[in-house]
Amino acid sequence: MRRQSIQTKIVLPFLLLFAPISIFVPLITVELFAWKYSEQFIKETQGWLNVIMETGFIREPIEKVKQAYSVEVMIFSSDFTLNGSTLTDLPYDEQLRDNLIEVLRLKQVKESFQNEIDSPITQDVTLGGKHYKVFYRAVQLGRIYCLLRPMETIADAKRTLTLYMLGIAIVVTALVALISHRIGKNITEPIKDLVGFTEQVAEGNLEEQCEVKTHDEIGDLTIAFNQMTEELKQSRDKLIQAERLATAGKMSASFAHEIRNPLSSMRMLSQMLMQKPETSDEQQKSLQYILEEIERIDNIVKGLMDFASPTKLNLELQSLTPVLQSVLTLMEANLTHHQIELSLDLASDFPDFNFDADKIKQAFMNVVLNAMEAMPQGGTLTISTFQENEMVCIRVCDTGIGISEEDIEHLFEPFFTRKTKGTGLGLANVKRIVEEHNGTVEIASPLGEGTTVSLWLPMKLQD
Ligand SMILES: Nc1ncnc2c1ncn2[C@@H]1O[C@H](COP(=O)(O)OP(=O)(O)OP(=O)(O)O)[C@@H](O)[C@H]1O
Ligand SMILES: [Mg+2]
C-alpha cells in the first residue's frame, strides 16, 4: 500500500469534505435564489399588467407603456396579425407573422383564453437575440396583448451571485486546506522529533533527552520515552560495570594466585636471612625494607582476592556502633599522627539489624582510609550514623582535597586510582559489599568542601 504521511491523512479528508460542500452549497443557493427571484419577477409583472388593464393605461400608446415599465409591448389581432409593437428593430425573418405565431405560441395562448384557464399565461422567448418573459392578456375583439419583460436582470443577478459564491468557495477551501495543514503540522512535528530521537537511541546514543514541546498525549509519550531511555542507559551502564567487574575479577584471581606463592617464599627467605648472625646491620636494614614491601604487595594481593572471590555474607543480628568503634580504635593512632580531628555522632537509638560485621568493617575502613589519605595536611573527619525510613546510613565526611567532577563517575570502577600507591580497588570493594547487603553508596564532593561518603544499609535485608 502507498505510504501516506499523517499530515496528508489529516489534510485530505478535510479537503474531500469541504471542497464539494463549499462548491455545491453555493450553487444550490444560487439556484434557489434564482427560482425565488423569478417567482417575484412574475408576480411583479403580473401586477403591472393588471394595473395597465384596470387603469385604462392600455389605451395609451404602447411607447408610453414601454417607457413607464421598461418593457416591450406587442398586440396581435384575433387572426394573429401584428397590430402594434415596440420591438421595431427585429430582424426581417423574425418579424414574419408565422414566425411570431410560432415563437410566441400564439395559437396555444388563444386556445387557453378560449378555455378560460384562470392561471396567468407566461413563457420565456428569445427575440432579436434577447431573452424575455412574455405575459399575455386577452383584450377586446379577440386581440392578444403581450408584455415582454427582459430577463437580463435575472441572468445578471444569477451570474454575479454565482461568481461571488464561487469566490467564497475558493477562499473557504483554501482556508480549510491551510488550517488542516497547520493542525497536521502541529501534530506531526513533535512526532517527527520523537522518531528522530528514537533513531538516535536505536543507534546507541542514550546520552540525550528528547525535548518535550507539547503538553498533550505526544508530550506524555515523549516523557515516557525519555524515562525509558534513562532507564535503558542506567541498565546498560550497570551491565558494562558488571562485565568489567567480572573480567577484573577473573584477572585478579589468577594474578593473586600466581603472586602469592613466590611472595611467601620471598618473605620466608628474608626472615631466615635476618635471623642469621652473620647478617650485618646494613643488610638487616635492607631486609627489613624488603619485608615491608613484601607486606605491601601482600596487602594488594589480598585486596585483589577479596574483590575476585567474594565470599558468602555471614549475617548476624547485631548493633552497628561497636563494629564501627572497633575500626576507629584501630585507626586512632594513625589519625592522630596525621593531625586529623575525629568528630563522632553515632546514633544509639536504632535497633540491631542483620549485617556481616567483617565485611562492613572492611568497607568502612576503606572509606575512612580514603578520607585520611585525602587530608595529608590534617583536617576534620566527621563520622555519623542515623536512620531514615528502613535504612541505616553510615556517613563519613572529610575536609580533604575533594574529587573532580570528571573523576566522580569512575570512582567505583576497579583499578581507578589517583594515588601513586593505590590499587583502585577500595571503593569497588566498598560498593560490592554494600550492594551485597542490598544497600547503596553515595559520594558527594562539592567543590572545595571535602568529600562525603554515605553507606546506606537496609535494616530488613531481603534476598
Ligand atoms: N575521601 C576522598 N577524597 C578525595 N578523593 C577520594 C576520596 N575517596 C576516594 N577518592 C578518590 O577515588 C579514587 C579511588 O579510590 P579507591 O579507594 O577505590 O582507590 P585508592 O584509594 O586509590 O586505592 P586503594 O583504596 O586500593 O588504596 C582515589 O584514588 C581518589 O582519587
Ligand atoms: Mg582507597
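Modeller: Two strands pair if DSSP finds at least two bridges between them. Strands are DSSP runs of E with at least two residues, helices are runs of H or I with at least four, and both are numbered from the N terminus. Our structure is a predicted model: local features need pLDDT of at least 70, side-chain atom pairs count only at pLDDT 80 or more, and totals for chains, interfaces and linings use all residues. Residues are numbered from 1 along each chain as its sequence is written, while chains are lettered from A and ligands numbered from 1 in the order in which they are written.

Biologist: Thanks! How do you know that β3 and β4 pair?

Modeller: Six bridges link β3 and β4 in the antiparallel sense, and the rule asks for at least two, so they pair. At one spot, leucine 127 stands opposite lysine 130 in β4. The two strands form a hairpin with two residues between them, and glycine 128 in that turn has a positive phi of about 60°.

Biologist: And what makes β4 and β5 a pair?

Modeller: Eight bridges join β4 (residues 130-139) to β5 (residues 143-150), and the two run antiparallel. That count passes the rule, so they pair too. In β5, leucine 148 is the bridge partner of valine 134, and arginine 143 is the partner of valine 139. This hairpin has three residues between its strands, with leucine 141 in the turn at a positive phi of about 60°.

Biologist: Why are β2 and β3 called edge strands?

Modeller: The open sheet has five strands in the order β2-β1-β5-β4-β3, with antiparallel pairing. β2 (82-85) and β3 (122-127) each pair on one side only, which is what puts them at the edge. Neighbouring strands are turned by 25° against each other on average, direction ignored.

Biologist: What lies across β3, β4 and β5?

Modeller: That is helix α1 (residues 6-54), running at about 40° to β4. Angles run from 0 to 180 degrees between N-to-C directions, and axes are lines fitted to C-alpha atoms, for helices over the stretch in contact. Residues are in contact if their C-beta atoms, placed from the backbone, lie within 7 Å.

Biologist: How do α9 and α10 pack?

Modeller: Their angle is about 35° and their axes are 9 Å apart. Val323, Leu324 and Met331 are among the α9 residues there, and they meet a set in α10 that includes Ile360, Phe364 and Val368. Nonpolar means Ala, Val, Leu, Ile, Met, Phe, Trp, Tyr, Cys and Pro; charged means Asp, Glu, Lys and Arg; the others, Gly among them, are polar.

Biologist: Why is the crossing of α10 and α12 called left-handed?

Modeller: A crossing is left-handed if the near helix is turned anticlockwise from the far one by less than a right angle, and right-handed if clockwise. α10 passes α12 in the left-handed way, whereas the crossing of α9 and α10 is right-handed. α10 and α12 pack at about 145°, with axes 9 Å apart.

Biologist: What makes a residue part of the shell around ligand 1?

Modeller: Its C-beta atom, placed from the backbone, must lie within 6 Å of the ligand. 23 residues surround ligand 1, with Ala374, Thr417, Arg418, Gly422 and Gly426 the closest. α10 (357-373) and α12 (426-436) each supply at least two of the shell residues. By class, the shell has nine nonpolar, eleven polar and three charged residues.

Notes
Contact = placed C-beta atoms within 7 Å.
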